[in-house]
Amino acid sequence: MNKAIGKKLAAALLPLTLSFSAMATVINIPQETSATEEKRIVSAGSGITEIIYALGAGNQLVAVDLTSNYPPQVNKLPKLGYHKQLSAEGILALKPDMLIGTDDMGPDTTITQLEMAGLNVESFATDNSADNIHNRIRSLAMLLNKEKEGEALWQSIDSDLKAAEKLAEGKDKPNVLFLLAMEGRTPSVSGSGTEANSLIKLAGGFNPAEAQFNSYKPLSNESLLTLAPDVIIYSDRGRGLTMEQLLDSQPILKQTPAGKNARIIPVDGRLLLGGLGPRTGEIALSLAKAFYPES
Amino acid sequence: MSSLKVQNATVQIGEKTLLDDVSITVTPGEVVTVLGPNGAGKSTLMKVISGERKPSSGSVILNDREDWRLEQQALMLGVLPQSSSLSFPFTVEEVVILGRIPCATDRTENLAIVEAALNEVDGLHLKDRQYTTLSGGERQRVHMARVLAQIWNELDFGKRYLLLDEPTSALDPAHQQLTLKMARKQAEKGVGVLVILHDLNLAARYSDRLVILKEGGIAAQGTPHEVLTVETVKAVFNVDVTISEHPAHHCPLVINN
Amino acid sequence: MNRSRKSALLLIVLAVALPAVIVLSVGTGPVSIAPLDILYILFDRLGITDSQVSDQTRLIVESIRMPRTLMGAMIGSSLAIAGAAMQGLFRNPLADPSIIGVSSGAALGAGIGIVLGGALFAGFSSSLLMDYSVSLLAFAGGVLTTWIVYKMGTTNNGTSVATMLLAGVAISALAGAGMGILNYIADDATLRSLTFWQMGSIGGANWNSVLLCFTLLGPVIFMLCRYGQVLNAMLLGESEARHLGIDVQKTKLKLILVTAMAVGVSVSVAGIIGFVGLVVPHLIRLMVGPDHRTLLPASAMLGGILLLAADMIARVAVAPAELPIGIVTALMGAPFFMSLLWQQRKRIA
């Protein structure tokens with residue numbers, strides 16, 4: 001074999017050896033000795049993660065999925081990757097007692113492997129009706145032995161939701177569109193089956209896109225005008241886009257009723273992925289106030 | 001009697017007739033050369049004989065049969081194409097030994113045959129060279145050795161034939177002579193050789209018979225003395241020549257006027 | 001050392017290295033497992049020992065790592081040997097199943113399965129069909145594109161390699177547009193699945209998929225290994241191969257179907273894993289030359305080794321999450337391949 005090939009092989013194998021030496025650090029997962037009844041929980045859904053924190057059980061979390069990033073302390077935990085692309089072995093290596101997620105998590109093969117490995121896998125529906133949020137909080141509270149905290153959490157959400165309902169009572173529902181703003185491109189509008197759509201409903205608005213399509217779709221300028229939103233909610237995924245900047249980048253929005261009356265409201269987009277969580281009530285109420293300013 | 005026989009072969013593509021009722025016989029032990037201007041149908045004839053192209057009508061009969069299996073035909077009929085598209089870095093030895101694919105001999109014997117075949121084309125010194133680094137002429141000789149290796153062994157079921165499509169096109173004069181001498185030597189061993197050439201004098205010197213093609217049909221066929229006349233050359237190639245006798249080899253000598 | 005000695009040596013080295021890498025792969029992952037435990041688990045299965053290895057360790061080894069390792073080895077081998085065969089068939093060292101559109105066709109099939117699968121198979125009560133719809137459609141896509149490309153490139157006078165390559169480019173473009181449409185109509189979650197699937201993974205391996213791979217890919221590898229001499233002859237050119245007694249049309253058809261099978265099955269179980277089919281045969285050719293009698297089996301073994309190496313990196317690099325293996329192979333393969341091209345360029349200049 002000539003020398004050049006030997007060198008090439010060595011070069012090809014180098015990253016390999018490096019990665020093996022990196023393994024040592026990878027395996028080094030925090031193994032805090034937990035109190036007797038405390039569990040080691042892995043969460044694969046941002047809404048679930050938020051509820052677990054809101055119930056005061058955040059210390060039991062050992063890892064979360066990529067979409068979980070609220071409250072801020074969650075970012076110190078190891079990340080499992082995207083909740084639809086979980087790795088069975090990666091999760092087992094954390095020696096968890098339980099995996100909690102939504103029926104969105106996957107792939108199915110991983111979930112099957114985990115169940116076969118004897119891991120307790122709890123999966124919640126992603127439907128975001130108020131009832132469902134209630135159920136989810138109650139079931140999670142039961143799982144975590146935090147029934148009292150669960151009830152209190154639901155009470156506060158429920159009172160916010162009721163207050164929001166009250167604001168809307170006897171009034172015409174405004175047309176509300178949710179836009180996922182993306183730099184330099186047509187914003188995507190939320191259709192049916194999205195968290196944003198649920199939130200608009202809970203806040204007493206009507207999403208005219210709901211009847212037209214599922215999920216998020218970029219809409220043409222004309223369609224935007226036709227939908228005639230009275231209010232626009234938008235998320236820029238955390239880049240701090242102001243209303244003025246949004247209007248400048250999408251001048252057509254100025255022609256909508258919402259644009260003319262400057263009724264354009266930013267929300268934290270992280271709320272709107274992976275299921276609605278404990279902040280739902282609070283946000284629904286603040287949106288309702290914006291939908292019905294005269295109340 | 002064994003022979004390689006083309007009978008009334010016609011090849012037609014649409015309106016065009018590439019080969020028009022051509023009949024040629026090559027018997028073992030003779031060298032037959034096909035001459036003709038560009039587009040006369042020489043390569044089509046070669047393809048018909050090797051079985052690559054089915055004639056529209058007519059037939060090719062190899063040792064009294066039309067229906068040889070491909071593997072059997074490969075043992076009887078070696079074909080040297082004009083040029084090869086081989087672009088992978090084989091060594092010369094590896095290329096030549098490819099000629100032994102149809103043969104049922106073991107590796108040791110094959111290696112010996114490869115050496116002998118390379119020796120025939122004055123290419124033994126190239127044996128360990130990489131094929132892709134060779135010059136055009138060297139490559140042509142390597143393929144010649146490969147084809148020789150392919151039909152190296154005498155067979156009990158039929159005579160052997162060699163088809164050479166312009167084997168001298170990339171060669172210097174010395175190797176042109178060497179190649180045609182090698183073809184003659186094969187003929188002496190009982191192989192029937194059919195060569196396509198452009199050089200009338202090379203053809204005249206080394207061939208037993210000449211076949212001249214023009215526009216797909218046979219314009220003349222016979223011994224060099226019979227075929228190479230001032231009139232025929234003028235009619236087929238459209239050049240004025242003088243024909244005299246080669247002082248040493250007693251064959252016609254074609255001199256351009 | 002001459003080439004035939006080198007070839008023999010290389011085959012021996014690879015034959016030793018492959019099982020070694022398989023063992024290493026079973027031992028590597030976010031959960032650290034002692035090599036001795038792996039042996040115990042094997043011996044326990046065989047009833048030789050009765051060890052105290054924990055059930056979870058046993059489970060990780062038996063249900064996750066072993067299927068994954070065996071499937072990875074099989075897929076790596078198939079992709080590499082299919083690449084080597086394609087390169088021989090097309091007489092082009094840069095040919096790859098992806099070049100004649102097999103991969104894109106398979107990808108489009110799988111994409112249709114992922115995005116429209118629910119709707120397409122809604123009428124069927126069999127959930128098995130649902131489970132395998134993606135794999136089936138990927139396989140169908142691979143075979144269908146191969147067939148189209150082959151038909152387009154074939155006339156009465158045989159198959160034109162150049163036409164097939166061009167047809168491959170066109171089909172790939174068409175499949176790309178199809179993928180674009182799927183991307184457009186997919187909802188958010190499906191889109192992510194689609195994206196991840198396109199990046200390849202062997203993480204979902206289970207014994208069923210291993211069985212599928214062994215029954216479908218095993219014969220493919222075995223069969224291709226026997227085409228060494230034929231492919232050598234094909235390198236000379238199609239007429240030359242015919243003159244050497246090879247039925248070129250039949251050979252081409254067989255090779256195309258078999259490689260489509262190899263790629264279709266691989267894509268269907270593991271998504272798109274690039275560069276293995278391109279880099280591995282190239283490496284082998286650099287070491288021992290282009291003789292397919294060595295190239296094919298050596299590519300198969302080295303392909304298995306490289307894919308397992310890539311998968312080990314994929315498993316541990318970002319644990320507890322996992323990298324898509326297609327990214328790892330591309331990251332390893334592309335720069336390496338570029339350096340090869342660079343050197344070739346210098347040699348020509």
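Me: How many Å separate the centres of domain 1 of chain A and domain 2 of chain A?
Reply: Happy to start there, with a predicted model in which local features need pLDDT of at least 70, side-chain atom pairs count only at pLDDT 80 or more, and totals for chains, interfaces and linings use all residues. Residues are numbered from 1 along each chain as its sequence is written, and chains are lettered from A and ligands numbered from 1 in the order in which they are written. Chain A has domain 1 (41-157) and domain 2 (172-291), with bounds from an automatic or database domain assignment. Taken over C-alpha atoms, the distance between the two centres is 27 Å.

Me: Which element gives the most to the side of domain 1 of chain A that touches domain 2 of chain A?
Reply: Contact here means that the C-beta atoms of two residues, placed from the backbone, lie within 7 Å; 20 residues of domain 1 of chain A meet 13 residues of domain 2 of chain A in this way. On the domain 1 side, two or more residues come from each of α2 (46-54), α5 (130-143) and α6 (147-168) of chain A, where helices are DSSP runs (H or I, at least four residues) and strands are DSSP runs (E, at least two), numbered from the N terminus. With six residues, the one that gives the most is α2(A).

Me: Which pair of chains has the most contacts?
Reply: Chains A and B can be set aside, as no contact joins them and their closest C-alpha atoms lie 15 Å apart. Two pairs of chains do touch, and the most contacts are between chains A and C.

Me: Which element supplies the largest share of the side of chain A that touches chain C?
Reply: This contact takes 36 residues from chain A and 33 residues from chain C. At least two residues each come from α1 (3-27), α3 (88-92) and α4 (108-116) of chain A. The largest share, nine residues, belongs to α1(A).
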